[in-house]
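Biologist: I am new to this one. Could you show it to me and take my questions?

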Amino acid sequence: MKFCPKCDIKLKKEGSSLQCPKCGHTEGKGVMKPKKPVQEQAPSNEFNVFEGNEGNETLSTIKIICEKCGNGEAVWWMLQTRSADEPTTQFYRCIKCKHTWRNYA
C-alpha cells in the first residue's frame with residue numbers, strides 16, 4: 001500500500017500505475033498529468049426553475065387570472081420548498097407575459 005507524498009491519501013491503481021484521487025500524483029509506469037482542480041462557480045442568490053419558454057410544452061395549463069396582465073391562462077408546477085411535513089408550493093407562469101407567482105396553499 002502506497003500513499004501520495006503530497007496529500008497523504010492512499011494511491012489507487014489506474015492501469016499499470018498508482019494515482020492519487022485527490023491531486024492526480026502518479027507513480028509507476030504510464031505517468032499521467034495531474035488532474036486540474038475544478039473551478040467552483042460563485043453561489044447565486046437567484047433560484048431559476050425555468051428560463052424563457054423552457055418547459056412550457058410539457059407543463060400543464062390552468063385557467064387562472066395573471067396578477068400582472070390579467071391573462072386567463074398559465075402553466076403550473078409544484079415544488080417542495082419547505083419542510084416535508086408542510087404542503088408543496090404551487091408555481092404559476094402566465095403564458096402571455098411570463099410573469100411567475102406562487103401559491104403556498
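This is a predicted model: local features need pLDDT of at least 70, side-chain atom pairs count only at pLDDT 80 or more; totals for chains, interfaces and linings use all residues.

Biologist: Which residues make up the largest nonpolar core?

Modeller: Nonpolar side chains tend to be buried together in soluble globular proteins. Ala74 touches Tyr92, Cys94 and Trp101, among others. The largest nonpolar core has 5 residues: Cys66, Ala74, Tyr92, Cys94 and Trp101.

Biologist: How many salt bridges are there?

Modeller: Side chains of opposite charge can pair when their charged atoms come close. The cut-off here is 4 Å from nitrogen to carboxyl oxygen. Glu27 pairs with Lys2, and Glu86 pairs with Arg82. The count comes to 2 salt bridges.

Biologist: How many residues apart in sequence are the parts that Glu27 and Lys2 tie together?

Modeller: The side chains of Glu27 and Lys2 meet in a salt bridge, at 3.3 Å from N to O. Glu27 lies in strand E3 (residues 26-28), and Lys2 lies in the segment before strand E1 (12-14), so the pair ties together parts that are 25 residues apart.

Biologist: Is Arg82 buried or partly exposed?

Modeller: The side chains of Arg82 and Glu86 meet in a salt bridge, at 3.3 Å from N to O. Buried would need under 20% relative accessible area. Arg82 has 34%, so Arg82 counts as partly exposed.

Technical notes: Residues are numbered from 1 along each chain as its sequence is written. Side-chain values use heavy atoms; hydrogens and water are left out. Helices (H or I, at least four residues) and strands (E, at least two) are DSSP runs, numbered from the N terminus. Buried means under 20% relative accessible area, exposed over 50%, partly exposed in between (1.4 Å probe, protein chains only). A nonpolar core is a set of buried Ala, Val, Leu, Ile, Met, Phe, Trp, Tyr and Cys residues joined through side-chain atoms within 4.5 Å. Contact means heavy atoms within 4.5 Å. Lists of a residue's contacts leave out its neighbours within four places in sequence.
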